[in-house]
Amino acid sequence: MNKAIKQYVQVAPYLALGFIMTCIFVLYPLIKGVYISFFEYKVINPSQSLFLGWANYIKVFHDPIIYIALRNTLLFALVTVPLQWAFGILVAMVINLQFIRFKVFFRLVYYLPVISSWIVVSYLFQFLFADGSSGVVNYLLVDFFHLRDEPIAWLQNTWSANIVIWLLSVWKGVGWVMIMYLAALQSVPRSLYEAAAIDGAKGARTFIHITLPLMRPMTVYVLINLIIGAFQAFIQVFLITKGGPLDSTHLLNTYMFKHAFQYFDFGYAAAISVMLGLLIFIFTYSQQRTFGKDRIEY
Amino acid sequence: MRITKRWLPKLLLVLLIATVFLAACGNNEGNTPAAEEKPVAAPVDKKEVEPAPAAEPPKPVTVEFWHAFGEGEEKVLLEEVIPKFNEQYPHITIQGTRMPTENLDQQVITAAAGGAVPDVMRMDNTWVPRMAKEGVLQAVDNFADFNKVVADSFDGPMATNYYNGNYYGVPLDTNTKIAIYSKELLAEAGATEAPKTIDELVSLARKLKENGKFGITIGGPDFWNMPPWFWTLGGTITDDKYTVATGHLNSEASIKALETIVSWNDEGLLAPPILGGQPGTWEGLRGEEGKPASYMMINDGPWFFSILGDAVKDTMIPAKMPSGPDGKSHSIIGGQDMVFFNGAKQPEAAWTFTQFMLSEEIQVLMAIKTGAIPTNKNAAQADALKDVYYLDEYVAEMETAMARTPSPNANQIGDVFGKAFEKALRKDATPKEALDQAATEIDALLK
């Protein structure tokens, strides 16, 4: 007992440091955010803030653009998470094949978007998909491949603008999934594949029956991170479409930002962010429950 | 090492002596004119100034000044305005910071929340009520000689500083937008001079359409680009007191104005920028690399001429906007105010600087060099302005120009307005539906 306390005292400073940091940078902002959501909040003179009760939350449910933003946020997750995951694992498998040469080169190429700045690649996509014939993509479609007669106003229509945003997000995310799986693939014992080969299993079957099940912990980790990332997407929409046309490509995040920093309606923005936080919690928590429990033993 | 050790003390000594001498020289040069002149600085806070004998040199102060001047304007500020200011007030150093225009309002709020505000800022005049409401700004009604500034300034720009019974700034410059025509395309449409009425403009646009070019360019459906056309065509946004939109924004005349604009778009008379298309207004008017000009006219401010300078002097015609049903054109008033922050360290010196910026001399200088229209009445009448070939048209347009709805919710109101017009143009709603809904939403924002 005495020894336990002594040990505890010894590690306490280290624990305390982390705990204090968490309090300052995570817990305090979290609680303050919830607090702000009940006020018409004045950032400059918080003492003049007006208590509104649940009014901001009621407004959330009556705001038509919230539903558009929610739709876009969910669609964003539904589209980009599976695509990033599928392409990521595919690329990882292909790069991992024995006969593929220049592995480092391919890893670099696919990982490059991940380490590039969001701002840079967002502007890049904005130029690629510029309206009229001045955009590279329109040039290719119309003047080069003659697939269309008229250039597409990519960013002026809800769905074409969303496609641009999804494409960017998938392209930028694939490399991260690939690296994760490449690492996980190293841990699969070669003997399992050899045994399967002797039993006559080939490519696709070994993938489904050996690789995927053994990758399970990694898959859970990757999916949860991708989903959280999808709900937190912001910069690509903020920079490429600014939520337009007609507020139809807003994500919950960009819509919240607009209320906070363009309208200075911090209370309403905080209410939106609390709701978004709850949404992320529900999604990821249920996932943790469904496939977080099993452990694999070789 | 040894050499360094031996030399170092001597070098330091020499440097020290040099610094003392240079500093002394600097001080002498700086202080002499100040001492000779009247009691320096604007004695705003009289309690502080009175006990001190007038001859005592004032303490050197630094004024933090934020602005979003363009490159050319900043050059005039740094190379001409501030040196002139320092001749009169050598003890006040102006520390100007050129801010990016993108997301500037957020930066201001963040700075205010964090207590890192400048003393004075040149701010877009539509922001002033909003910033005043947030408690970012000081009321200026009690500043020394404030009434003189009010008397010297035009009423419209002055009014942009008013919020809830007080003034929160003073107008520095103002502007409006006129029609700018390309001589070449005007000739292609069969005209030698700018059209006087909207009807004339539309018939020119129809002729140009046959050549695949555009006669009318509206920069977008937003609160800055659309109102000049909407107002000129007879539309209104609110009552004169800016209290209600219903009955004005969705009045018959307003609906008709929007219907006209939508019909132009349907007919293919409006250039692509109306819905965010390319090329942009300036590129379309002047032609881009390898592409000829395709827009006959745009609607823009004096910066078009001051930025492009000689490149457009002989190819473009500045003209008043074509007039609408009431025989007049109604363009939009823009401009910048000088505002003072709560928590400013040197409000008195900042006010002195601001008074200087509003003086006739500097207002005329800025007008000639940058095309900024003076807010000082005397400066606007100055003979020197006649030499700037494009300013006449702007000053004339100002007479019938109108201001955007001043409100702490100006941003939301602008968004609602822009969305209504975009919806109608994109056929998501009829003009009447769009304006009815917008009027209701703006009513709520005006309360």
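A: A cavity is here a set of points, on a 1 Å grid over the protein atoms alone, where a 1.4 Å probe fits but cannot get out, and its lining residues have an atom within 4 Å of a point. By this rule there is one cavity of 30 Å³ or more. The model is predicted, and local features need pLDDT of at least 70, side-chain atom pairs pLDDT 80 or more, while totals for chains, interfaces and linings use all residues. Residues are numbered from 1 along each chain as its sequence is written, chains are lettered from A and ligands numbered from 1 in the order written, and side-chain values use heavy atoms, without hydrogens or water.

The largest cavity has a volume of about 80 Å³, taken as the space filled by probe spheres set on points joined across faces, edges and corners. Its lining includes Phe69(B), Leu172(B), Asp173(B) and Met357(B). With helices (H or I, at least four residues) and strands (E, at least two) taken as DSSP runs numbered from the N terminus, β6 (170–176), α16 (360–370) and β11 (373–374) of chain B each supply at least two lining residues. α16(B) gives the most, with three residues. By class, the lining holds eight nonpolar, one polar and one charged residues, where Ala, Val, Leu, Ile, Met, Phe, Trp, Tyr, Cys and Pro are nonpolar, Asp, Glu, Lys and Arg charged, and the others polar.

Turning to the chain boundary, 22 residues of chain A are in contact (heavy atoms within 4.5 Å) with 26 residues of chain B. The buried area, which is the accessible area (1.4 Å probe) lost on being put together and summed over both parts, is about 2,000 Å² between chain A and chain B, with carbon and sulfur atoms giving 54%. Ile44(A), Leu246(A) and Phe264(A) supply 36% of what chain A buries against chain B, more than any other three residues.

Two salt bridges (a Lys or Arg side-chain nitrogen within 4 Å of an Asp or Glu carboxyl oxygen) are counted between chain A and chain B. In one of them Lys419(B) pairs with Asp247(A), the closest N and O atoms being 2.9 Å apart. Helix α12 (residues 252–262) of chain A provides the largest share of the side of chain A that touches chain B, four residues, and that side divides into 12 nonpolar, five polar and five charged residues. Asp247(A) also forms a salt bridge with Lys258(A), at 3.3 Å between the closest N and O atoms.

Definitions and conventions
1 Å grid on protein atoms, 1.4 Å probe; cavity = no way out; pocket = protein on both sides within 12 Å on 5 of 7 lines; lining within 4 Å. Buried area = accessible area lost by both parts, 1.4 Å probe.
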